[in-house]
Amino acid sequence: ICLEVTVVGEIVRQDNQVLLKVLDSDKQFVLVTDVKAKPVDASASAFKELQQAIARGETSLRVTGYVDGWVGRWPDVLRRSPAPRPKLMVTGFSGGGK
């Protein structure tokens, strides 16, 4: 059981972390290579490709991934408060925009 999301936002580096600031929101995700709750075939290679895109100057992106901490029996997991800055395992990304 896992939660997959797609988020559009701006990529920034802060305190040795890669953050995704959600467009038109104060929410943020910490982008990572791995989380506990993910499908067996989930690959960490997209995060490396994302870092290459950032190095090329791309900062406005649409990122898809699995949210850390959203594991357990539904709807019990939905009753918990989300982390202030949840980790997001990057599984794909593309140019941003609304």
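The protein chain exposes about 6100 Å², of which carbon and sulfur atoms supply 49% (Shrake-Rupley method, 1.4 Å probe; for residues, only the protein chains shown count as cover). The structure is a predicted model, in which local features require pLDDT of at least 70 and side-chain atom pairs pLDDT 80 or more, whereas totals for chains, interfaces and linings use all residues. Residues are numbered from 1 along each chain as its sequence is written, and side-chain values use heavy atoms, with hydrogens and water left out.

The protein chain contains 2 helices and 5 strands, taken as DSSP runs numbered from the N terminus (helices: H or I, at least four residues; strands: E, at least two). From the N terminus on, the order of these elements is β-β-β-α-β-α-β. The radius of gyration of the protein chain is 13 Å, close to the 13 Å given by the globule rule for 98 residues, so the chain is as compact as a globular protein of that length; the radius is taken over C-alpha atoms, and the rule is 2.2 Å times the number of residues to the power 0.38. Along its principal axes, the C-alpha trace spans about 40 × 30 × 30 Å.

Thr-64 lies in strand E4, which covers residues 60-67, and is buried, with a relative accessible area of 19%. The side chain of Thr-64 forms a polar contact of 2.9 Å with that of Thr-6; such a contact is a pair of N or O atoms within 3.5 Å, and within protein one must be able to donate a hydrogen and the other to accept it, residues adjacent in sequence counting only if both atoms are side-chain atoms. Apart from neighbours within four places in sequence, Thr-64 is in contact with Glu-4, Val-5, Thr-6, Met-89, Val-90, Thr-91 and Gly-92.

Val-67 is also placed in strand E4 and is buried, with a relative accessible area of 3%. With neighbours within four places in sequence again left aside, Val-67 is in contact with Leu-3, Val-5, Phe-29, Pro-86, Lys-87 and Leu-88. The C-alpha atoms of Val-67 and Lys-38 are separated by 8.5 Å, these residues being 29 apart along the chain.

Key. Buried means under 20% relative accessible area, exposed over 50%, partly exposed in between (1.4 Å probe, protein chains only). Contact means heavy atoms within 4.5 Å.
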